[in-house]
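I opened the notebook to go through this fold piece by piece. The entries follow the order in which I looked things up.

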Amino acid sequence: MNILIFGPPGSGKSTHSKRIVERYGLTYISSGDIIREEIEKGSPIGREMEAYLSRGELIPDTIVNTLIISKLRRQRENFILDGYPRTPAQVLAFEEYLYDHGIKLDLAMEIFIDLETSVERISGRRICPKCGAVYHVKHNPPKRPGVCDICGSKLVQREDDRPDVVEKRYSIYVRNMEPIIKFYRNKGIYVRIDGDGGVEEVWKRIQPLLDYLKARESSQGLP
Ligand SMILES: [Zn+2]
């Protein structure tokens, strides 16, 4: 089973990716994680990417493609891919790779929430700068407002989580993903999951779909 997962900020895609990994034994490949790792390692490609980011520029598609596809080559099948492809040029490289290796993509799954929900979920986040604990003013509040339950430090809001920044991130997501969603919709593998509601509620929408794909895959494997 090979899956793409994407969604606007606060969609819960990383939470659900973890569940999918556990239940279906897929390997989670996140472009964000891979890019961070390379930068931390200080590899030649990592240093190059860092230079783009420090200038406030996007990392060129050719670099992202090289990085993700080399990771995919090692994994081959049974992956859940997060954060890639994000541009038409990335779709092209990815599709070419899949075609060349006879790999079939089963599902392009978007966990969708509206702008209002995105802002509410993200801008309510508070993190502890000392121990890294994460809270939400409404959904997961600390016992004392603004104070970490674990270490007693004062909680802060990340710059990226401010409502105006979330709105911007959301609109960039929608704009960037539009042609990509169109492409996978035309291929007949795009599914939009309603990401509104609690984790369990959303999971109940995802699980039957993946169970179905899994069953279909194993019946195809029979002689
Ligand atoms: Zn703390």
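**Overall size and burial**

I began with burial: 25% of the 223 residues in the protein chain are buried. I note here that the model is predicted.

Next I checked the dimensions. The C-alpha trace spans about 60 × 40 × 30 Å along its principal axes.

I then looked at how far apart in sequence the contacts reach. I took contacts between residues at least 6 apart in sequence, and 69% of them join residues at least 24 apart.

The protein chain has eight helices and seven strands.

**The sheet**

In what order do the strands of the open sheet run? I read β2-β3-β1-β4-β7, five strands with parallel pairing. Which strands sit at the edges? They are β2 (27–30) and β7 (190–194), and each of these pairs on one side only. From one strand to the next, I get an average twist of 25°.

I went through some of the pairs by bridge count.

- β2 pairs with β3 (residues 79–82) in the parallel sense, over four bridges. Tyr-28 has Ile-80 in β3 as its bridge partner.
- β1 and β4 are also joined in the parallel sense, with four bridges. Here I found Ile-5 opposite Met-109 in β4.
- β4 and β7 form a parallel pair over five bridges. Glu-110 is bridged to Arg-192 in β7.

**Helices on the sheet**

Which strands does helix α1 lie across? I traced α1 (residues 13–24) over β1 (3–6), β2, β3 and β4 (107–112). Its direction runs at about 170° to β3.

I looked at helix α7 (residues 163–187) as well. Helix α7 packs on the sheet and touches β1, β4 and β7. Its direction makes about 120° with that of β7.

**α2 against α3**

I moved on to the helix pairs. Helix α2 (residues 31–41) packs with helix α3 (residues 44–54) at an angle of about 105°, and their axes are 7 Å apart. Therefore α2 is roughly perpendicular to α3.

Which residues meet in this contact? From α2 I noted Ile-35, Glu-38, Ile-39 and Lys-41. From α3 I noted Ile-45, Gly-46, Met-49 and Glu-50. The residues of this contact divide into four nonpolar, one polar and three charged.

**α2 against α4**

I checked α2 with helix α4 (residues 61–75) next. They pack at an angle of about 105°, with axes 11 Å apart. So α2 is roughly perpendicular to α4.

On the α2 side, the contact is made by Ser-31, Ile-34 and Glu-38. On the α4 side, I listed Val-64, Leu-67, Ile-68 and Lys-71. I sorted the residues of this contact into four nonpolar, one polar and two charged.

One residue turned up in both of my lists. Glu-38 of α2 is in the contact with α3 and in the contact with α4.

Key:
Residues numbered from 1 in each chain as written. Predicted model: local features only at pLDDT ≥ 70, side-chain atom pairs only at ≥ 80, totals over all residues. Axes fitted to C-alpha atoms, helices over the stretch in contact; angles between N-to-C directions. Helix = DSSP H or I, 4+ residues; strand = E, 2+ residues; numbered from the N terminus. Parallel < 35°, antiparallel > 145°, perpendicular 65-115°, else oblique. Contact = placed C-beta atoms within 7 Å. Nonpolar A, V, L, I, M, F, W, Y, C, P; charged D, E, K, R; others polar. Buried ≥ 20, exposed ≤ 12 C-beta atoms within 10 Å, placed from the backbone. Pairing = 2+ DSSP bridges.
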